[in-house]
Amino acid sequence: MADHILVVEDENRIRDIIRDYFTAHGLDCDLARDGEEALDLLRDHDYDAMLLDVLMPNLDGFSVCRAVRAKSQLPILFLTALGSEEDVLQGYALGADDYVTKPFSLAVLLAKTRAVIRRSRGGGETLTCGTVALDPAGHTCTVAGRPVSLTKREYDLLLCLIRNKGQVLSRDQLLDKVWGIDFEGGERAVDVRIKSLRSALGSAGKQIKTVFKAGYRMEGG
């Protein structure tokens, strides 16, 4: 599954160059021309990282970063002409994972983007719970050594459950952690995705326990 990147940049030429270069290297890119369009896309799509310009019309990058961080840990890499120490520190203070100033090398930008995605997935760590094993860096899942195909939402949900194994997570908590910023659906979305995840995991699906009136818990040691 290719990593899915949101590129938020008001300059058409820069936006298209990044998309073409990243696509040529196996990444999928969606494009936004300003902060408002970026937030609209974030409500409707899942991304592995966001490249975010600062100086944009309608809503600047710092405001977008602040809004995203209120709900999500999506990796954010600022891409901007604002290279003063004060600007860089402000970006990091708002929760940016990295900061690249213009002009930039496309190869370096790609390497940094992959690095923040890799860090967000826990590097080379393998997570296990019972017969289920996840490799966040490779974005793979196995059950008793057998590869299992999951959608991105199913994978992120399972990752959240395993990282909090033994703990009851409410539907609201799962919505915040997995669906992210300003999701407009209800708790039913969690139940539907849990059902599909259990089905995909086969016999290991029973490790996901329903806790009456409380939420869900991953078991398995």
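Predicted model: local features only at pLDDT ≥ 70, side-chain atom pairs only at ≥ 80, totals over all residues.
I took contact to mean heavy atoms within 4.5 Å. Residues are numbered from 1 along each chain as its sequence is written, and side-chain values use heavy atoms, without hydrogens and water.

**Entry 1: nonpolar cores**

I looked up Leu201 and, leaving aside its neighbours within four places in sequence, found it in contact with Cys141, Val143, Arg146, Val148, Leu158 and Ile208. I then examined nonpolar cores, that is, sets of buried Ala, Val, Leu, Ile, Met, Phe, Trp, Tyr and Cys residues joined through side-chain atoms within 4.5 Å. Buried stands for under 20% relative accessible area, exposed for over 50%, and partly exposed for the range in between (1.4 Å probe, protein chains only). The largest core has 28 residues, of which Cys141, Leu158, Leu161 and Leu201 touch the most other members. Among the elements giving two or more residues to this core are helix H6 (152–163), helix H8 (188–201) and strand S8 (140–143). H6 gives the most, with seven residues. I noted a second, separate core of 23 residues, which includes Leu6, Leu41, Phe78 and Leu94. Helices (H or I, at least four residues) and strands (E, at least two) are DSSP runs, numbered from the N terminus.

**Entry 2: Asp34**

I located Asp34 in the loop between strand S2 (28–32) and helix H2 (35–44). Its side chain reaches the backbone nitrogen of Glu36 at 3.1 Å and that of Glu37 at 2.8 Å. Leaving aside its neighbours within four places in sequence, Asp34 is in contact with Val8, Met56, Pro57 and Asn58.

**Entry 3: salt bridges**

I counted 13 salt bridges, each being a side-chain nitrogen of Lys or Arg within 4 Å of a carboxyl oxygen of Asp or Glu. In one of them, Asp176 pairs with Lys71, the closest N and O atoms being 3.6 Å apart. Asp176 lies in helix H7 and Lys71 in the loop between helix H3 (61–69) and strand S4 (76–80), so the pair ties together parts that are 105 residues apart in sequence. Asp176 is partly exposed at 36% relative accessibility, and Lys71 is partly exposed at 35%.

I also checked the salt bridge of Lys112 with Asp98, whose closest N and O atoms are 3.2 Å apart. Lys112 counts as partly exposed at 27% relative accessibility, whereas Asp98 counts as buried at 13%. Finally, I recorded that Glu9, Asp53 and Lys102 are linked in a network of salt bridges.

Methods:
Polar contact = N/O pair within 3.5 Å; in protein donor to acceptor, adjacent residues only side chain to side chain.
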